[in-house]
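Me: Could we walk through a structure together, feature by feature? I would like the general idea each time, and then the case at hand.

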Amino acid sequence: MGSNCRIDSVVKSYAGKRIVDEVSLDVKPGEFLVILGPSGCGKTTTLRMVAGLEMPDAGSISIGDQTVSDPARGIFVRPERRELGMVFQSYAIWPHMSVAENVAFPLRARRRLKGAPLRQRVEEVLNMVGLDGLGARSPTALSGGQMQRVVLARAIVYDPQLLLFDEPLSNLDLKMREHLRIELKALQARTGLTSIYVTHDQTEAVELADRIAVMEKGRIVQLGPASEIYHRPASRFVAEFISSANIFPARVASLDGPASARVSTELGRELTAACESDVVPGDIVDVVIHPEECRLSLPGEQIAAGMPVRVTQARFQGVSVRYTVSWGEEPFDVVVLGSGLQLRAGDEAQLTIAPGGARILTAAIAP
Amino acid sequence: MIAASKTKVASPAKGRGQTFVPQRGAFVVYGLLGILSVITVLPMLILVIGSFLSTPPRALRIDFSGLTLKNYLTIFADPTTIAFLGDTLTAACLGTAGATVIGFALAWLTERTDVPLRRAIDKITILPMLIPPLVAAFAWDLLASPRTGILNILAKSLGLPAILNLYTVGGISFLFAIYYAPYAFLMIAAALRNFDPSLEEAAAICGASRLRAFAIVVGPLIAPTLLSVVLLIFVFLIEIFAIPAVLGEPGNLPFLSVRIWELIGFAPPRINEASALGVLMLVITVTLIFCQIFLLRRRSFVTITGKSTRREPIGLRSWRWPAGFAVLIYFLLVVALPYLALIIVSFRNNIFFFSLAGLFDPSQFSLTQVETTLSDPVVALSLKNSLIVAISTVIIGTSLYFSIAYVVTKTRLRGRRALDFVAMLPLALPGMVIGLGYLWTWISVPIGVYGTIWVIVIAYISQFSPQAVRSISASLVQIHPELEESARVCGGGFLYTLRRVVAPLASPGVRSAAILLIIFSFREISTAIFLYTSDTQVFSVTMFDYWVQQTTGSVAVMTLLQSVVLLAVILIGERIGGGSRVAVR
C-alpha cells in the first residue's frame, strides 16, 4: 500500500513569473490522482517538485510522514532519498543498459538486493508488466509500448511510496495508448500504489483518475471525481477543457425552483437549466450543454419542447455523427450515436435537450 | 570535427533542458572559474602589463615604475615592421581566400553533386587536418624548394624550367590555402547539409534552374557562414608559426609570429618588444573572433531545419570526371605528394639528387637515416616528453573539460555562462601569445613550474579547452535530461548517476576530445617554443630545431614516426569505443 502525499501551498516562479501558484493537494494512500491541464499550466512543474527535481520557492510537500520539501524550514530531501517511482514523458530508458539492467537499477542504486534475489525480483516484475523473457534485450530494439512497460517495471520494482507519471502515454499511438491505459489502471489497482499522473489528455484523465485536479495558470481550479468534473464543471475553462460541450452566455429570466432557472439568449434561445449557486433574474451566466445530452429528430415528429433548428454541418465520426446546427442563428453541437438518423447540411430538424442536460456554470471553485 | 566544434560558440541552454543539481554546487563553479583564470586570464594580463615594462620578467618583481610605451614605439619605428606586417596580412588574405574557395568547391561537390566517390571524399577531407602544419611545411620544402626541391628536379630532368619557389609570399599562401581548406570544407558542408532543401525546391518550382536556385536562395542565406569561415581561417593564418618559420626564413620573410620568436630566440632576447608584438597579434585575433561570434549569433535567425530530406544531386554530366579529377589532384597535393617526399627522403642515403634517374637509383636506398634518428637520444627524449605531455593533457584536461561542460550544459548554477566564456576565450588567443604569457607569468611567480614539463601541459590545457569543451558539451547536450533525472528518482545519488548513466553515455564525445587532445599536443609548436628547456623539449620543437640545423633526413624520419604514433592513437581510440556506440535519445 502506498503512502499519502500532501502538497501544501506550493509556489514556484521562473524569471519572476509564478508557474505554480499556491497549489495544495492531499493524495490519499492508494489513490490515483490525475493533474489535468493545458501545456504550461504548471502541472509538470508541480509533479517535478514532488519528485525533488525542482525546488519549491514556498510551501511544503510531505510524502508519508516525512516532510520532503519545506523551504521555510530549510528542508529539502534529494530525489534519490524520496523513495519514488517515476515514469517520464521521454521514457528515459538508459540505452547503454539491457532491459533487465534498467529494471534492476533502482535496487542496485539503493543496495536493496543483489545476486540471485535481485535477478528473481527483476524477473518477477518483468512478468508483471508482460515483458517476460525480454530481460537481455537492448531497450533500443523495443517498440514504444514495450519501452513504456520497461519504464513501468523500473518504477514499481522496489515498492516505492509514490508513483509519479509525467504524460507517459503522449508518445504512443492511439491504439497503444488505450491499451496501456487499461493495463496501467489494473496494475495500479493490483499494487495499490498511490499515484499522481500528469496529462493534458482529458480522455486519459477521466478513465484513470479516482480524482482529477484541473490546473489553469498555475492554480488548481477544480478537484473532484471525474464524473463530477465532467458533469458539473466549476468554470467555463474546466468545461471547455474537459469536454467539447456547448457553452454560451445567457440571461436568467426567472427562477423555476430551488435548483432550476429559465434562461434566454439575445438571439432567441430559451431553455431551462439546472443551477447550484444563487442566481437572480437578470444575471448573465454561462450555460453548458454536452452535445451527447441532446437529441435531433425530423421536423414532422411529435416531440415535446422540440426546438426548430437547421443542420449546417454533419461529420461522421465512426460510432457517432456530430452535427452542427444553427439554433437561434448560432452554431450548436449535437452528437448522435450510430448513423441511423441521416440528416444533411441544410435540413430542418428538431432539437431537444435531456432533462438536467443544461447547467448554469457556477463561478465558485470547488474545494 | 575540429573546425565544426570551433564554430559553435553560443551554448544552447534552454529552460527545462538542464538537470537538477543542488545550489551548493556553486563552489564548483567558482573553483573551475578560479582554475581557468589562473591558466588563461592571468597569463594574458601579465603579458599585456609586460608589454608596457622596460625590464624583462624577474621572479616576484614587477617594476611598475618602468611603465613605458617604448616597446610599442620601437616596433613601429622599425621600418621592417610595416614590411613583415604587410607580408603576414597579404599571405593570410590570399591563404584565406584560397582555402575558402577550395573548401566551398569541395563542400558543394560532395553535398550537392554527383561527383565520383562523393561519400569517400566527405570522409577523407579531414585527412589534411591530421597533417601538422610543421610537417606540411617540411614536406613541401623537400618538394618545391627552388634548387633542391624534388618537383623542380623532376621538371628540370624533363627539360622543363624549375619554376616552383615556395620561399615567397605566394608560395606560403599556397600552402595556407591547401592545408586550411578542410576547415572551410567542414563548416560549409555542415551548413549546406542543414539547409532546408524545400527553399531551393520552391525556387526551382518558381522556374529557376538548379544552379540559379542555389545561387539565389542558398547564396544569401549562407553568406554569414562563409564570412565566419573567412574570419576564423584568417585568425588561424595570422597566428600560424610553423609554415612561415620553415618557408619564410630562406626568402627572408619574417612573418609576425616568426618575428616574435626571433626577438626572444636570438641573443640578446628582447622579451618586452616581443610582448608588444604579441599584444598586437592578440588585438587582431580577439577583434576578429568577436566579429565571428557576433556573426554566428545573428545567423540563428536564418531558417535552418534539422530535417535532412534526401535531395537529388545535381548532375555534372560531362563535368563529372573533370571535377573528380580536380578533387584527386587536391588530395595528391595535400596528402600523397608530401608523404611520398618524406618517405623518399627518409629511406635514402643521400638526400640530394639531381636527376630523375637519381631519384629512383636503388643503390641510394638505405636505412641509415632511420637508424641514426631512432637511436638519437634527443629524439627519444623528446618523443618521451611529448607522450608524457599528451597523456597528462588528456588526463588532467579531460577531467577539467568534462566538469566545465557538465556545469555549462547540465546545470543552472550561477556563473556558468562566465565559465563557458572563459573556457572559449583561448579561441582568440594565438599559441605564441599564450606561450609568451606563460613565460612572463611563471618566471614572475617562481613556484617551480617554469622549466618543467608541467608548464607546457598547463599551457596546452588552457589552449585546447575550446575545442575539447565543445566536443564534450556536444555529447552531453544529446543526453536527454530525463535520463539523469530518472536515475536520481530511482535512488542513484549524484555521483552514482554520473558514473552509471552520464559517463557511459558521454563517452563518445569524451573519447573524441581525448584523441583531439593527443593530436593537438603533438602538432602544437608555437606555444612550446617559448616554454621548453633542453630537458623538456617536445617532439615538434626537436623537429623544428633539427630542421634549423639542416639535418633534413632526421626530420623526415621524425615526421613519419610521429604520423605512425598518431595513427596508432586514433586507431586504438576508435577500437576502444567501437562497441559502445549507442543511440542516445
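Reply: Gladly. Keep in mind that this is a predicted model. Let us start with one residue: B:Gly159 lies in the loop that joins helix H8 (150–157) to helix H9 (169–194) of chain B.

Me: Is B:Gly159 buried or exposed?

Reply: The relative accessible area of B:Gly159 is 65%, so it counts as exposed, the cut-off for that class being over 50%.

Me: How far apart are B:Gly159 and B:Leu237, in sequence and in space?

Reply: Along the sequence, 78 residues separate B:Gly159 and B:Leu237, and their C-alpha atoms are 36 Å apart.

Me: Let us turn to a helix. How many residues of helix H1 of chain A are buried?

Reply: Helix H1 of chain A covers residues 43–51, and nine of its nine residues are buried, so the rest of the structure largely encloses this helix.

Me: What comes after H1(A)?

Reply: A:Gly52 follows H1(A), and its phi is positive, near 90°.

Me: Now salt bridges, please. How many are there over all chains?

Reply: The whole structure holds 28 salt bridges over all chains.

Me: Are A:Lys43 and A:Glu167 buried or exposed?

Reply: A:Lys43 is buried, at 3% relative accessibility, and A:Glu167 is buried too, at 7%.

Me: Which residue forms a salt bridge with A:Glu124?

Reply: First the general idea: an α-helix has 3.6 residues a turn, so residues three or four places apart point the same way. In this structure, the partner of A:Glu124 is A:Arg121, with 2.8 Å between the closest N and O atoms. Both sit in helix H3 (residues 115–128) of chain A, and because they are three residues apart, about one helical turn separates them. A:Glu124 is partly exposed, with 40% relative accessibility, while A:Arg121 is buried, with 15%.

Me: And where are A:Arg181 and A:Glu207?

Reply: Their side chains meet in a salt bridge of 3.4 Å, N to O. A:Arg181 belongs to helix H5 of chain A and A:Glu207 to helix H6 (residues 202–208) of chain A, so to speak a link between distant parts of the chain, 26 residues apart. A:Arg181 is buried at 6% relative accessibility, whereas A:Glu207 is partly exposed at 39%.

Me: How should I read a sheet?

Reply: Strands of a sheet pair through backbone hydrogen bonds, either parallel or antiparallel. Here, five strands of chain A form an open sheet in the order S16-S20-S17-S18-S19, with antiparallel pairing. Strand S16 (294–297) and strand S19 (330–337) of chain A are at the edges with a single partner strand each, so one side of each has no neighbour in the sheet. From one strand to the next, the twist averages 45°.

Me: Over how many bridges do S17 and S18 of chain A pair?

Reply: Strand S17 (residues 307–316) and strand S18 (residues 320–327) of chain A pair over six bridges, in the antiparallel sense. In one of these strands, S18(A), A:Val321 is the bridge partner of A:Phe316.

Me: Last, the interface. How is its size given?

Reply: The size of an interface is often given as the accessible area lost when the parts come together. Chain A and chain B bury about 2700 Å² between them, with 61% of that on carbon and sulfur atoms. A:Glu80, A:His96 and A:Phe105 supply 20% of the area that chain A buries against chain B, more than any other three residues. The contact involves 35 residues of chain A and 27 residues of chain B.

Me: How many salt bridges and polar contacts are there between chain A and chain B?

Reply: There are three salt bridges and 10 residue pairs in polar contact across the interface. H1, strand S7 (84–87) and helix H2 (99–109) of chain A each give at least two residues to the side of chain A that touches chain B. One of the salt bridges joins A:Glu54 and B:Arg412, whose closest N and O atoms are 3.4 Å apart. A network of salt bridges links A:Arg48, A:Glu54, B:Arg412 and B:Glu485.

Notes:
Residues are numbered from 1 along each chain as its sequence is written. Chains are lettered from A and ligands numbered from 1 in the order in which they are written. This is a predicted model: local features need pLDDT of at least 70, side-chain atom pairs count only at pLDDT 80 or more; totals for chains, interfaces and linings use all residues. Side-chain values use heavy atoms; hydrogens and water are left out. Buried means under 20% relative accessible area, exposed over 50%, partly exposed in between (1.4 Å probe, protein chains only). Helices (H or I, at least four residues) and strands (E, at least two) are DSSP runs, numbered from the N terminus. Two strands pair if DSSP finds at least two bridges between them. Axes are lines fitted to C-alpha atoms, for helices over the stretch in contact, and angles run from 0 to 180 degrees between N-to-C directions. Contact means heavy atoms within 4.5 Å. Buried area is the accessible area (1.4 Å probe) that two parts lose on being put together, summed over both. A salt bridge is a side-chain nitrogen of Lys or Arg within 4 Å of a carboxyl oxygen of Asp or Glu. A polar contact is a pair of N or O atoms within 3.5 Å; within protein, one must be able to donate a hydrogen and the other to accept it, and residues adjacent in sequence count only if both atoms are side-chain atoms.
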